[in-house]
2 protein chains.
Amino acid sequence: MVQLRRQILTYGNFLNQFQLNIKRNSSSLQIKDKKVIQPERSFRYTDLSVRLAGPEQLQPKPDVSDLAFGKYFTDHILKIFYHETLGGWQRPEITPFENLVLHPASKVFHYAIELFEGLKAYRGVDGKIRIFRPELNMERMNSSAMRTGLPVFIGEELIKCLCRLISIDQEWVPHSTASSLYIRPTMIGIDPILGVTSSESALLYVILSPVGSYFKKTKKDIGISLLADPRYTRAWPGGCGNYKVGSNYGPTVYVQKEAIEKGLQQVLWLYGDDNELTEAGTMNVFIFILNDDGEKELITPPLTSGLILPGIIRNSILALSKKWNQFKVSERKICMDEVCQLLSENRLLEIFGSGTACIISPVSYIDFVGQLLYIPTMEHSNPIYKMLLKHLSDIQYGVIQDHPWAIPIE
Amino acid sequence: MVQLRRQILTYGNFLNQFQLNIKRNSSSLQIKDKKVIQPERSFRYTDLSVRLAGPEQLQPKPDVSDLAFGKYFTDHILKIFYHETLGGWQRPEITPFENLVLHPASKVFHYAIELFEGLKAYRGVDGKIRIFRPELNMERMNSSAMRTGLPVFIGEELIKCLCRLISIDQEWVPHSTASSLYIRPTMIGIDPILGVTSSESALLYVILSPVGSYFKKTKKDIGISLLADPRYTRAWPGGCGNYKVGSNYGPTVYVQKEAIEKGLQQVLWLYGDDNELTEAGTMNVFIFILNDDGEKELITPPLTSGLILPGIIRNSILALSKKWNQFKVSERKICMDEVCQLLSENRLLEIFGSGTACIISPVSYIDFVGQLLYIPTMEHSNPIYKMLLKHLSDIQYGVIQDHPWAIPIE
């Protein structure tokens with residue numbers, strides 16, 4: 001069903017990227033060995049049951065031009081319950097898309113016992129449907145689960161289940177290389193008991209949404225604009241900024257609204273007294289410069305701080321850039337002072353964000369303590385953000401054939 | 001129905017306690033004026049509809065000795081929907097207790113768009129049921145709503161609705177001064193659209209749970225034990241540690257589990273390089289000492305940092321202590337170094353936590369970077385934690401009659 005043997009090649013690199021060690025004051029926290037995945041405790045694809053929607057339950061498919069992001073959902077849902085008292089994971093089931101019925105005391109409603117992932121299925125130029133590096137999402141999902149007191153599982157088994165779901169709803173994968181089918185695995189704590197403790201009951205579910213662009217279209221040649229306000233912090237050492245958990249998002253809504261009220265689109269998250277760049281909205285951030293040695297250099301903040309989500313597009317951009325070997329590639333701290341200095345010397349070439357939802361988004365403006373900085377990202381004739389975007393897109397949509405990152409669903 | 005005129009007396013003090021200003025680098029953020037409550041947009045008690053459970057729907061009431069915390073729920077639930085597209089708040093409704101039915105893309109499941117409150121109803125020695133300073137919960141709930149992009153409302157209207165709910169389920173208020181009925185107002189974002197934005201649809205609901213002690217009973221003369229590990233941080237400047245939102249709790253579960261695995265009960269949350277004490281588990285923290293001037297002094301960390309929840313028991317302890325005028329009362333920073341120093345000089349008399357769930361919990365042990373510190377909280381013949389606990393309890397259970405903090409439900 002899925003060509004899983006390929007993923008083994010990519011595991012090692014990504015594992016290095018994961019910050020299961022939270023570092024603060026040079027001491028480190030290791031996720032306990034005993035918490036690693038016990039194969040005999042995972043759910044299995046072979047136990048999957050499928051109940052298809054009747055013809056009267058099928059929803060009309062929206063027009064590709066009306067897609068936006070996460071507004072429409074397909075006809076089926078994958079659900080896997082976990083109950084400690086019933087031996088752990090239950091059998092996976094695909095059913096017609098339906099609402100969740102939950103006890104009002106469920107931990108997810110009160111204590112944000114929740115995590116999610118985001119990946120996409122692409123309909124390639126050859127008609128085949130592919131998913132992009134799903135094993136990395138599984139790795140990260142398990143890492144988030146450990147951090148949230150939720151149960152872990154074998155990633156391959158969930159990949160197989162969700163490929164089956166996509167296969168059932170394959171007509172929902174847009175026939176367009178500007179669109180895709182967004183896959184949202186989610187896990188929530190559902191114990192109906194108040195009190196802040198680990199979950200003994202959980203629900204892992206996957207829903208699918210045909211999507212267009214994450215950002216509303218603005219003028220064609222203008223990249224996104226960011227609010228960089230030192231009063232707000234997204235993540236902190238000893239917190240969970242490097243996990244994909246609900247808690248990292250709720251507190252950002254207010255700040256995001258502040259940005260929109262100022263006519264900006266997203267927030268550039270800074271950290272510390274030297275205004276270190278960490279993330280842009282829900283994206284990782286990259287900066288492309290002429291460095292002190294006159295070399296071109298692509299820089300992104302390092303994962304070692306524990307403040308940054310280990311993004312899969314981030315990882316892929318670093319891997320591609322290093323392979324191309326056309327410019328220097330660094331993971332290091334970047335501060336707003338350096339951004340301003342480079343701008344004043346015309347050495348800042350590009351800033352862009354990366355993420356599964358937006359892929360790569362060029363940045364044109366940063367509002368920083370009262371100044372509106374103009375970033376010339378879109379002025380170059382052959383910007384690297386475009387080269388990267390095209391290359392990733394060519395892999396995802398099968399223009400580059402048989403790439404090990406793009407796994408066909410059969 | 002509720003003696004609401006009294007609450008006006010207490011508002012002013014508590015407003016001072018709220019940190020609507022998030023401070024970092026001495027700049028400040030003001031929650032926008034336009035976001036304050038517009039009376040005409042709130043729901044109203046007079047619109048409340050009630051549908052009572054049939055006799056077959058009534059649950060058996062558990063034995064008082066089996067209560068624990070948040071395990072049983074009463075026969076009814078209060079729900080109030082908010083839909084921007086339908087003009088905002090809808091009519092409040094009390095129905096038989098039931099599960100919530102929600103779209104799997106609801107923001108609460110993915111981005112922790114959620115907040116809650118906790119207060120209690122007490123069956124007094126005179127048989128009357130009272131609630132304790134509910135107007136402060138409403139104030140804080142609205143403050144959390146503003147921070148989370150959720151809608152605000154008139155606190156008095158929700159107090160009236162929840163008193164009606166308690167009145168309907170009054171037989172669930174335990175006949176015991178060691179137990180109470182815990183009231184859990186919750187608000188969640190329910191828009192079925194992926195994408196991290198403010199909520200245009202929300203659900204405010206209230207459930208009731210008869211409760212005993214928050215902590216499992218240990219030996220009678222031993223207070224709780226805390227893990228103080230500098231690697232973990234609960235909240236940070238520019239975050240939302242001073243709001244009662246789900247995001248503050250999810251990331252603590254892992255650390256809480258770590259504490260339990262070490263044989264300890266809760267986490268003492270530290271902040272910064274000087275290991276400033278912030279909170280203990282889900283409680284505010286107090287320390288009672290002999291200060292450098294030989295005076296007795298009660299200290300709790302200040303709210304000004306934005307790291308600490310403005311607790312209602314915290315506020316009440318400060319108010320009572322100041323009124324008693326028997327010892328000095330301070331809101332100031334306390335660091336672990338000072339705790340160790342005071343201990344070594346036999347000047348640390350008591351440490352205790354405060355919160356609605358636990359009321360006041362004496363602390364006997366702190367595990368701090370490999371040392372197990374013994375705190376002599378329970379060794380004194382007339383400890384102040386006991387005096388405070390008794391006084392608060394006497395107010396809550398009507399032993400002290402007609403106290404303005406205890407509002408009878410008629």
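Start by selecting Gly155(A), Glu157(A), Leu158(A), Ile159(A), Cys161(A), Leu162(A), Cys163(A), Leu165(A) and Ile166(A): these are the buried residues of helix H4 in chain A. Keep in mind as you go that you're looking at a predicted model. Now show the whole of H4(A), residues 155-168. Its 14 residues span 20 Å from the first C-alpha to the last, close to the 20 Å expected at 1.5 Å a residue. While you're looking down a helix, here's a handy rule: an α-helix has 3.6 residues a turn, so residues three or four places apart point the same way.

Next stop: Lys244(A). UniProt, in an unreviewed entry, puts the feature "modified residue: N6-(pyridoxal phosphate)lysine" here. Where does Lys244(A) sit in the chain? Look in the loop between strand S13 (224-228) and helix H5 (253-261) of chain A. Is Lys244(A) buried or exposed? It is buried, with a relative accessible area of 10%. To see its surroundings, leave aside the neighbours within four places in sequence and select what Lys244(A) contacts: Leu115(A), Phe116(A), Glu117(A), Gly118(A), Arg140(A), Ser144(A), Tyr249(A) and Leu309(A).

Time for some rings. Over all chains, the structure holds 34 aromatic pairs. Pick Phe69(A) and Tyr182(A), which form an edge-to-face pair, 4.9 Å centre to centre with 65° between the planes. Phe69(A) is in the loop between strand S3 (49-50) and strand S4 (76-83), while Tyr182(A) is in strand S11 (residues 180-189), so the pair ties together parts of chain A that are 113 residues apart in sequence. Both Phe69(A) and Tyr182(A) are buried. Hop over to chain B and you'll find Phe69(B) and Tyr182(B) edge-to-face too, at 4.9 Å and 65°.

Then zoom in on Arg133(A): its charged end sits over the ring of Trp405(A), 4.0 Å from the centre. In chain B, the charged end of Arg133(B) sits over the ring of Trp405(B), also 4.0 Å from its centre.

Finally, zoom out and colour by chain. What rotation superposes chain A on chain B? It takes 180°, with 0.0 Å of shift along the axis, and the RMSD is 0.0 Å. That is the relation of a two-fold axis.

How values were computed:
Residues numbered from 1 in each chain as written. Chains lettered and ligands numbered in written order. Predicted model: local features only at pLDDT ≥ 70, side-chain atom pairs only at ≥ 80, totals over all residues. Heavy atoms only, no water. Helix = DSSP H or I, 4+ residues; strand = E, 2+ residues; numbered from the N terminus. Expected span 1.5 Å × (residues − 1). Buried < 20%, exposed > 50% of the residue type's maximum accessible area, 1.4 Å probe, protein only. Least-squares fit on C-alpha atoms with pLDDT ≥ 70 in both. UniProt positions renumbered as here; feature names shortened; annotations may be inferred. Contact = heavy atoms within 4.5 Å. Phe/Tyr/Trp six-rings, centres within 6.5 Å; stacked < 30°, edge-to-face > 60°. Lys NZ or Arg CZ within 6 Å of the ring centre and 35° of its normal.
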